[in-house]
Structures are given as structure tokens and as C-alpha cells.
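Welcome, and thank you for taking a look at this structure. Below is a short tour of some of its features, taken a few residues and helices at a time.

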Amino acid sequence: MCKKRKNTTKLNNAYFRGVGKQAFPTTLLSFQKKWLDTWRGNPPGPILLIFGLITGIIMSIPIVYVIWRSLSAGAERWIRLLDTRIPQLLWNTLSLAAAVTICAVVIGISLAWIVIRTDIPGKKFWQWILALPLAIPPYVGAVTYIIVFGRSGWTRDLWLNSPWLTSTFGIYPINVYSFWGVFLILSMFTYPYVYLIASAALRKMNNNFEEAARSLGMNTSQIFWRVTLSLLRPAIGAGAILVSLYVMSDFGAVAMLRYVTFTAAIYFQRAGFDTASAAILSLVLILLTIIILWIESVSRRKNKYFQTAGTHRELEILPLGKWKVPALLYVSIIFLFSVLLPISVLAYWSNIGIRMGALDSRFFGFALNSLKISTLTSLLCMLFALPVVYLKNRYPSIISSAIDRLAYAGYALPGVIAALGFIFIFNNHLPALYRTFYMIVLAFIVRFLPQAVQTSEASISLISPRIDEAARSLGCPPWKVLLKVIIPNMLPGILAGGALVFVSSIKELPVTLMLRPPGFDTLAVRVYFEAHEAVYHLAAPAALLIIIASIIPLRYMLSKY
Amino acid sequence: MIKVKKVIALILASAFLMSLLVTGCTTKGTAPSSPADQKSEPRELVVYSNRNEKFVQALLDKFSSDTGIKVVALHGANPLQIIEEANNVRADIFISNDLGSLGYLHLQGLLQESNPNGIETIPEFFRADDNAFFAISVRARGLIYNKDLITEEDMPKSVEDLFDPKWAEVENGYAITRGGNGGMLGHVSALRYQWGDEKTALWIAAIRSNSAGIYQGHGEIRRAVGAGEHTFGLVNNYYFHQQLLEPDNNNVGFIYLDQGDGQMGAVSNAAGVGLVKGGPNEAGAAAFLEWLLMPENQAAFVGESLELLINSQFSAAYPAETQPHIVDFNSLKIQDMPVKELGNYFEGTKELIQASGLDLDLK
């Protein structure tokens with residue numbers, strides 16, 4: 001009875017609002033039924049939905065533009081690119097992304113397990129320091145590797161001055177401008193994505209499962225492979241996605257190392273204002289991303305993991321025993337190549353630069369620009385991520401998963417593509433905002449929202465829907481559940497996401513390069529230009545400042561997450 | 001729970017504050033000045049430049065301190081950005097390293113005629129008929145080489161020599177820039193003028209496969225050659241001048257190509273400025289052009305680039321290391337293509353380079 005009345009009121013309302021002047025009640029009814037079916041009888045509140053939809057629309061601007069632009073590019077251009085460019089670019093991009101992802105997952109998971117679960121000496125120190133490469137942009141890493149291992153780097157000089165090396169091994173064998181150079185450098189600076197997510201998951205893991213396994217007679221290595229690793233599965237997936245998408249969208253490092261992937265090609269096409277070709281390459285890259293996301297979601301759909309918070313018990317720490325020395329050695333080597341080496345090189349050149357007066361008012365202007373952009377972006381991303389994650393997890397439907405997918409597409413839409421779309425939209429339709437600060441912030445949101453979504457999602461997936469249901473059954477409306485139950489429980493994840501977005505924004509390069517208004521350079525842009533001219537004494541202080549500014553949010557993220 | 005609310009409130013409040021703050025900054029800072037401002041003293045000037053920032057920023061700083069006009073610069077801009085922004089003009093002045101792109105912009109009707117005082121100091125050969133753009137400095141293309149790795153006699157002397165795959169065999173090979181580079185574009189245009197498209201396409205294919213390094217810019221090439229990472233590289237002559245100034249790795253020489261009898265002469269190009277049509281700060285732009293044409297500022301345009309001044313009598317100051325190696329432009333045999341003709345070739349050249357694949361290569 002009550003339900004029926006509610007329906008009629010709704011119908012009347014809809015009628016008076018003039019939603020469908022010619023619509024008969026029956027069509028409305030069937031629409032409403034469809035609507036309910038879409039949400040499996042559980043539609044979200046309008047505010048939540050509108051917020052989510054707006055996010056989705058902003059995220060889809062670049063994609064729509066790229067698709068439209070590439071479809072109107074003409075068959076001739078398509079054929080030329082398909083014949084000449086795309087096969088090579090596909091190979092370059094996919095082989096690099098696969099290799100780096102595998103390497104980063106192996107390093108990230110192993111490091112996380114060692115520093116969280118074992119009694120390695122200096123545990124706290126390692127836990128924190130091994131996440132530090134996240135603050136080092138790969139293009140900065142590339143510059144330091146070029147300085148050290150480059151064709152006229154420090155090790156070459158060492159090599160040429162050591163007769164026994166030249167006589168046994170011949171000419172200087174290291175070439176950083178190669179697949180292996182790019183692979184090594186990107187792995188060293190992207191593994192923290194996996195490491196951090198895996199560490200967080202390991203910390204939250206409930207000991208009950210492992211104890212059950214042990215009581216069934218499994219030994220430590222069996223437990224690791226069969227219990228720990230499968231509980232880490234969502235974390236590995238999330239980390240691997242972040243890494244592979246990062247590699248596919250990285251511009252700075254590959255450009256420095258002169259290795260052409262899709263993103264670099266798109267950037268160069270765009271820099272030559274061949275927008276149509278850039279759009280075609282972008283479309284192919286978007287398809288690649290969709291395939292990767294699809295593979296991940298298919299492999300994840302098979303398994304769902306929930307942990308009940310009520311019986312949570314601390315994990316026990318495993319003694320390393322005879323493995324202490326190898327474990328320490330392994331951790332130290334990673335530390336050496338991903339933290340110590342780049343930071344020392346930067347410190348060396350910053351020292352020279354500061355003595356030559358690199359820290360002038362111009363420099364501080366760049367620093368302020370960087371700070372403004374990154375802060376605003378990370379705040380907005382935290383706000384936008386929430387409805388996306390919540391809709392997807394609690395109101396599964398075509399619409400919410402479409403919004404979710406769109407949110408991810410922004411990440412694989414390498415900044416370059418987001419920038420393409422935004423230039424077009426703003427130049428033609430929103431001239432007042434064209435080439436302003438806001439254009440960059442919006443493009444950054446498109447680009448980095450997925451990071452906030454990922455981290456938030458990892459933490460919502462640990463909150464059982466039963467908790468929501470309990471709150472709902474006690475009379476809380478959905479928005480109140482979100483505000484009072486979900487957000488507080490997710491907060492560490494959300495803030496960690498915000499911190500991650502801040503760190504990513506402050507080091508972002510290609511979008512800023514393409515969208516920056518006249519006179520608005522950021523630290524990242526300066527590093528790129530100065531390093532290109534080999535003016536290392538000016539590049540190093542800017543790079544070091546990016547790293548230092550990233551360390552504070554990173555510290556926070558590690559302490560909470 | 002209270003703590004959580006506080007954090008959320010803090011986030012919301014700071015997002016709000018940030019956007020206010022930023023709005024304040026932008027409206028004060030980069031918003032185009034209103035027409036009312038224009039009538040009085042010019043206050044601001046927006047310059048797009050695709051020349052190396054090191055040379056241009058010093059020039060713009062000098063302009064600001066001489067005239068009090070604030071300059072907002074976008075370095076590393078592509079000339080085609082002017083075309084994209086045709087309906088939403090942001091730039092007043094375009095400073096280009098390649099006269100061809102200025103000529104092309106003019107062909108598209110995006111530059112505006114000007115008649116600044118002092119324009120007569122620029123030979124007609126180096127400016128548009130309506131002075132919408134003009135050149136200040138010139139350069140010739142050639143090969144920078146590392147004297148530790150090769151002698152002058154052994155170096156190729158003609159651009160045609162590069163057809164020969166044997167040059168891939170020199171120690172560490174040789175270096176060229178990406179096809180998207182302005183200098184390379186101008187060079188290819190000149191070759192098309194000289195040889196026609198077919199032979200030029202073969203030449204691009206040859207250097208593309210025979211070179212050992214393909215770089216984004218000439219600055220990287222001169223340093224790489226200086227350090228012995230390559231035996232020689234195809235650059236503009238002033239990069240040779242710059243390398244001589246380096247504290248080390250400066251044992252380099254330079255070959256002006258095709259200087260012999262019956263040869264085409266060195267390919268030249270010029271750097272200059274164009275006046276963008278409908279720019280937001282007309283008065284500032286006019287002031288800039290007149291300021292730039294003053295003899296001392298023509299010399300400042302060259303500045304640290306160590307290019308050759310068209311008006312060599314205004315003598316750009318060259319450092320002692322470079323001075324003995326400066327070859328007067330008039331004493332060189334230069335290809336007879338008029339530099340302002342380059343603009344007519346711009347589009348076709350881009351297509352040819354795209355078809356060759358050199359526009360995307362890096363190695």
C-alpha cells in the first residue's frame with residue numbers, strides 16, 4: 001500500500017516537472033522498472049549519482065575528443081600509420097610495459113613481505129626508505145642515470161681509466177639509451193606503487209587465515225604462496241595496473257632516454273601539430289588500456305576477498321635466521337639503485353648549483369607554481385574519488401561501473417591525450433579558461449583521479465557490505481552511511497590517495513608542458529628543459545625540491561596507510 | 001568520529017580556499033589587459049618563442065628593464081600553436097629559430113604588417129614585404145666534429161656525401177636531429193628547393209638509417225660530439241661556437257658544407273620575430289619591435305647563442321675562445337634559396353618528413 005502511494009507521488013512529480021510531456025504513465029513505469037533493474041533494485045541517492053556522473057563526464061571529455069578526432073582523420077592517414085608506425089610502437093610500448101610491470105611486482109611484493117613480515121634489522125627504516133623512489137620522478141632518475149652511466153658518464157671515465165677493464169671487456173658496454181636502460185630505470189622508480197599497496201594489505205591482513213593454514217600443516221613458504229599471496233591478489237592487481245599504466249603514459253623518462261613509446265610518439269606528433277595522427281595513436285593506446293583493464297577485472301572477478309574486522313589479530317613476525325644476510329643485501333641493492341644513487345647525484349649537482357646562485361626569485365616562482373597545482377589537484381581528487389568508489393562497490397550497475405571505467409581511462413589516457421582534448425575544448429568552447437591554471441588542474445584530475453580511486457578502493461574492499469547493511473537497517477539513509485560509516489573507515493585510504501595524487505602532480509611533466517600558460521613553468525618543466533640542455537646545476541636543485549616536497553605527504557601516507 | 005569530521009571539513013575548506021586564492025592570482029596575473037589599459041602605456045607583452053630559452057630570456061629581461069613592460073613568455077612553443085589559437089589569440093610576438101615557420105604563418109594570414117623605426121637596417125632579403133616578420137641573425141648548417149676522432153681531411157665536405165653508408169662506420173657514428181626540429185625542417189626545405197622531392201626523400205632515408213644518434217635538439221648533439229659520443233653531427237654553425245666555450249670537451253671543428261666550385265653552398269637559415277595578428281597587447285608589441293631594431297638590441301638578440309648578426313657592423317660580442325673561429329657570413333658560399341622563400345616549402349617539407357618517419361625517430 002505504502003509503496004504504491006510512493007510510486008504515484010513520484011509519477012506526479014515527474015509529470016509536473018515536465019520531464020516527459022508526451023510520456024504516458026506506462027512508459028514512465030517501465031522506465032522506472034528498468035532504472036530499478038539497472039541498479040538491482042537498489043538505486044543510489046541523486047546527489048551521489050550526480051556527483052559521480054559529473055566526474056564521469058569530465059573524465060570522458062578527452063576520450064570523446066580523441067575518438068571523434070581520430071575517426072575523422074581520414075583513411076589515408078590511418079593506413080600510413082598502421083603500415084609504418086603502429087607495429088613498432090606497439091612492440092616498444094607493450095614489451096616495456098610488460099617487462100617493467102613484472103619486475104616491479106616482483107620487487108614490490110618481495111620487499112613488502114621482507115620489511116613487514118620478517119625481523120630484518122632496521123625494519124622501520126627500510127619500511128619508510130623503500131617507498132622513497134615514489135618521490136623521485138622517473139625522468140629525474142633517468143637524468144641521474146645518464147650522468148652516472150651515460151655515454152660520457154662517470155662510470156665511462158672510470159672504465160677508460162681502468163686498463164684491466166678495457167682489456168678484459170673491451171669498450172664501455174653500458175648503453176642507457178636502450179630497452180634495458182629504460183626498463184631498469186622505470187622498474188627502479190615504479191616498484192613503490194606495488195610495494196606500498198602490498199605493504200598496506202599485509203598490515204591489514206588477518207592472522208587467522210595463516211594460523212589456520214599452519215594448523216593444517218603448511219610450512220612458511222607454502223603459506224606465502226598459497227595464503228599470503230592469494231590474499232594479496234587485489235593489491236598485486238592494483239599495483240600492477242598502476243605500474244603498467246604508468247609505463248604506458250610516461251613521457252619524461254622515455255624522452256630523456258630517446259626510446260619512443262606511444263606516449264612519446266603522441267607528444268611529438270602533437271608538438272608538430274599533427275593532431276590527427278596524434279589522435280589516431282591515442283585511440284590505439286586507449287584500446288590497449290581497455291584490454292589491460294579488462295584482463296585485470298576478469299582475473300579478479302573470479303575471487304572476492306573480505307576480511308572481518310571483528311576478530312582481527314596481529315600478524316606474527318617471522319624470523320629470518322640464515323636468510324638475514326641475503327635479505328639485507330637484496331634490500332640494500334634496491335635501495336642503492338633507486339634512492340642512494342639518484343639522490344647523491346642530485347645533491348652533488350645541487351651543491352654546485354646553489355653555489356652558482358640557482359636559488360633565485362625565478363626558482364621560487366616555479367616552486368610556488370608547482371605547489372599550487374599539486375595541492376589543489378590532490379584535494380579535488382580526494383573529493384571526486386569517493387562517489388566513484390562508493391557507487392561501484394555498493395551500487396553495482398552498468399552506470400556505476402561505466403563511471404568507474406571512465407575514471408580509470410583517465411590514467412591510461414596518458415596526460416598527453418588528456419591535454420589534447422582539453423586544448424581543443426577550451427580553445428574552441430571555453431576561451432576564458434584557455435591556457436589558464438585551471439586547464440592544467442582539470443587535466444591533472446583526469447590523469448590522477450584513478451590513483452585516488454585505486455587506493456580508496458583497496459580500502460573499501462576491506463569493509464564488508466554487511467556493515468553498510470547494518471547501518472541501513474538501523475535507519476541511516478545512504479548518504480549518512482557514506483559519511484558516518486564508510487568515510488571514517490576509508491579515511492586512511494582516501495588520504496593516502498590524496499598524498500599519492502600530490503606526489504604524482506608535483507612531478508607531472510607532459511601535461512604541464514603542453515598546457516602551461518605563458519610564463520607559468522613548474523619545477524618539473526624546469527628540470528626537463530635544463531636537463532635537456534645538460535645544465536645539471538640548474539636541473540638538480542629543482543629536482544631535489546620536487547623530491548623533498550613529495551616526502552612530507554609520502555611520510556604521512558606511510559604512517560597512516 | 002569527531003576527528004574524522006574535522007579532517008573532512010579541513011579538506012573541503014582548504015579546497016575552497018585554494019580555489020579562491022588561485023582565482024585571485026589568475027585574475028590579477030595572466031588575464032589579458034582590458035582595452036582601457038591599452039590606450040595608456042603598454043604594460044604587458046606575451047611572447048611565444050621556439051628559440052632556446054637561454055638566449056631569449058636574457059633578451060626579454062633586458063627589454064623589461066629598458067622599457068618597464070612586463071613580458072610573459074612561453075618558451076618551447078611551436079609556431080603552429082599560433083594557427084590553433086587563431087580565434088583566441090594569446091601571443092603578441094612570435095620569436096622563431098626558423099624563418100620558414102614565420103613565412104608559413106604569414107602565408108596563413110596570421111601575422112600582421114608592421115613598420116617599426118629602424119626596419120631599414122634589415123636587408124629586404126631578410127624580411128617580409130610588409131615587414132610582418134623579419135630576421136635578425138643568420139646561421140649556416142654544417143658538421144661539427146670531434147678532432148680527437150677524425151681529421152678535417154677525412155670529414156665529409158658535401159651534404160651529398162651523407163648518401164654514402166660508409167659514414168655509418170666512423171667511430172661512434174654521427175648524429176642528427178629529429179625531423180620535427182626547426183633547423184632540420186629548414187634544411188630539408190632547402191634541399192627540396194635544390195634537388196626536388198624524390199632525391200631529398202632518399203637523402204632523409206639515408207641519414208635516418210646511417211646515423212648513430214637521433215636527438216631532439218642541436219644542443220645535445222654538440223655536447224655529445226664534444227664528449228666523443230659521436231664523431232660528428234649535423235648542426236648550425238653557432239653550436240660549434242658554443243661548444244668552443246665549454247671548459248672541457250671543446251676540441252671540436254666545423255665543416256661548412258658544399259663550399260667548392262659548382263657545389264650548392266651551405267644551407268642557411270635565419271632567426272627573427274613575427275608580429276601576431278590581433279594580439280592582446282598591440283602597443284607593447286610595437287614597442288618591442290622598435291626596441292629590438294636598435295643596434296645594441298640586435299646584438300643582444302644574438303647574445304649567448306653566438307650566431308652571426310645580419311648587421312655584422314653592430315658586432316655581437318664573441319668571447320675570445322670563439323672569435324678566431326667566426327667566419328663572416330658574407331665570405332661563405334650560401335645556397336641561393338631566399339630564406340623568406342622557406343615558408344612556401346614549410347608544409348610540403350613536413351609531409352615529406354612524416355612520410356619518411358624521421359619525425360618520430362629518436363635513438
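Our first stop is Tyr330(A), which is found in helix α17 of chain A, residues 324-355; helices (H or I, at least four residues) and strands (E, at least two) are DSSP runs, numbered from the N terminus. Please keep in mind that this is a predicted model, in which local features need pLDDT of at least 70, side-chain atom pairs count only at pLDDT 80 or more, and totals for chains, interfaces and linings use all residues. Residues are numbered from 1 along each chain as its sequence is written, while chains are lettered from A and ligands numbered from 1 in the order in which they are written.

Is Tyr330(A) buried, partly exposed or exposed? Tyr330(A) is partly exposed, because 16 other C-beta atoms lie within 10 Å. Here a residue is buried if 20 or more other C-beta atoms lie within 10 Å of its own, exposed if 12 or fewer, and partly exposed in between, with C-beta atoms placed from the backbone. The C-alpha atom of Tyr330(A) is separated by 9.8 Å from that of Ile107(A), although the two residues are 223 apart along the chain.

Arg258(A) is buried, with 21 other C-beta atoms within 10 Å. Asn172(B) is partly exposed, with 19 such atoms within 10 Å.

Now to the meeting of the chains. In all, 35 residues of chain A are in contact with 40 residues of chain B, where contact means that the C-beta atoms of two residues, placed from the backbone, lie within 7 Å. On the side of chain A that touches chain B, α15, α18 (361-394), α23 (478-507) and α25 (523-532) each supply at least two residues. The largest share, seven residues, comes from α18(A).

Finally, within chain B, the axes of helix α5 (residues 99-107) and helix α12 (residues 342-356) come within 7 Å and cross at roughly 90°. Axes are lines fitted to C-alpha atoms, for helices over the stretch in contact, and angles run from 0 to 180 degrees between N-to-C directions. The helices α5(B) and α12(B) are therefore roughly perpendicular to each other, a term for angles of 65 to 115 degrees.

Definitions and conventions
Angles under 35 degrees count as roughly parallel, over 145 as roughly antiparallel, 65 to 115 as roughly perpendicular and the rest as oblique.
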